[in-house]
Amino acid sequence: MNDVKGGQPCQPAKIEDAGVHEYGMELALEQARKAHSMGEVPVGAVIIKDGVVIGQGHNLKETLKDPTAHAEILAIREAARHQAGWRILDATMYVTLEPCPMCAGAIVMARIPRLVIGTMDPRTGACGSLWNIVCDKRLNHRVELITGIKEDECRKLLEEFFEQLRQGDT
Ligand SMILES: [Zn+2]
């Protein structure tokens, strides 16, 4: 991942935290499954601080008719309310799919220190795929990035959803 545009390669993942990250990603997957059951693209996010979930969300774009109702944005809003402040420090966000430019921007704005991603998004990903907003040295905040946690489950949930959509709509 050395050819990312506009950014620097991120720090490699620390393997010793793998168990913790799998737990966090499982919670994000639960959120994604909720989105799936509502007919929304299954993406889920949770923010954990000191072992406690302080924000969670799943994609609600269709339900809310809101182009910004991505899982990450909803989780960040909840976490900021929980913190009673816009800075979400000492926390980790777990998200099933690589954040888009809007969400990657919001993660930087919220100063979230660590981001754990399930599966990458080569179409619109902004954490290493198309751009790398979360590790861009030109910004005043950089995020520790960990990828590939429960990757298969996160990807399969999306593939399943789009497969069902194709079968149902044509
Ligand atoms: Zn997004």
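Okay, a definition to start: two residues are in contact if their C-beta atoms, placed from the backbone, lie within 7 Å. What we have here is a predicted model, where local features need pLDDT of at least 70, side-chain atom pairs count only at pLDDT 80 or more, and totals for chains, interfaces and linings use all residues. Numbering runs from 1 along each chain as its sequence is written.

Over residues 1–6, though, pLDDT is below 50. Where pLDDT is low, the predicted coordinates should not be read in detail.

Now, the core. By nonpolar core I mean buried Ala, Val, Leu, Ile, Met, Phe, Trp, Tyr and Cys residues joined through C-beta atoms within 7 Å; buried means 20 or more other C-beta atoms within 10 Å of a residue's own, again placed from the backbone. The largest one here has 44 residues, and Ala75 and Met93 are among those with the most contacts inside it. Its largest share, 6 residues, comes from helix 3.

Let's stay with helix 3. Helices are DSSP runs of H or I, at least four residues, and strands are E runs of at least two, numbered from the N terminus. The buried residues of helix 3 include Ala71, Leu74, Ala75 and Ala79. What do its buried residues pack against? Helix 1, strand 1, strand 2, strand 3 and helix 4. Ala75, for one, touches Val46, Gly55 and Met93, among others.

Key. A residue is buried if 20 or more other C-beta atoms lie within 10 Å of its own, exposed if 12 or fewer, and partly exposed in between; C-beta atoms are placed from the backbone. pLDDT is the predictor's confidence in each residue, from 0 to 100. Lists of a residue's contacts leave out its neighbours within four places in sequence.
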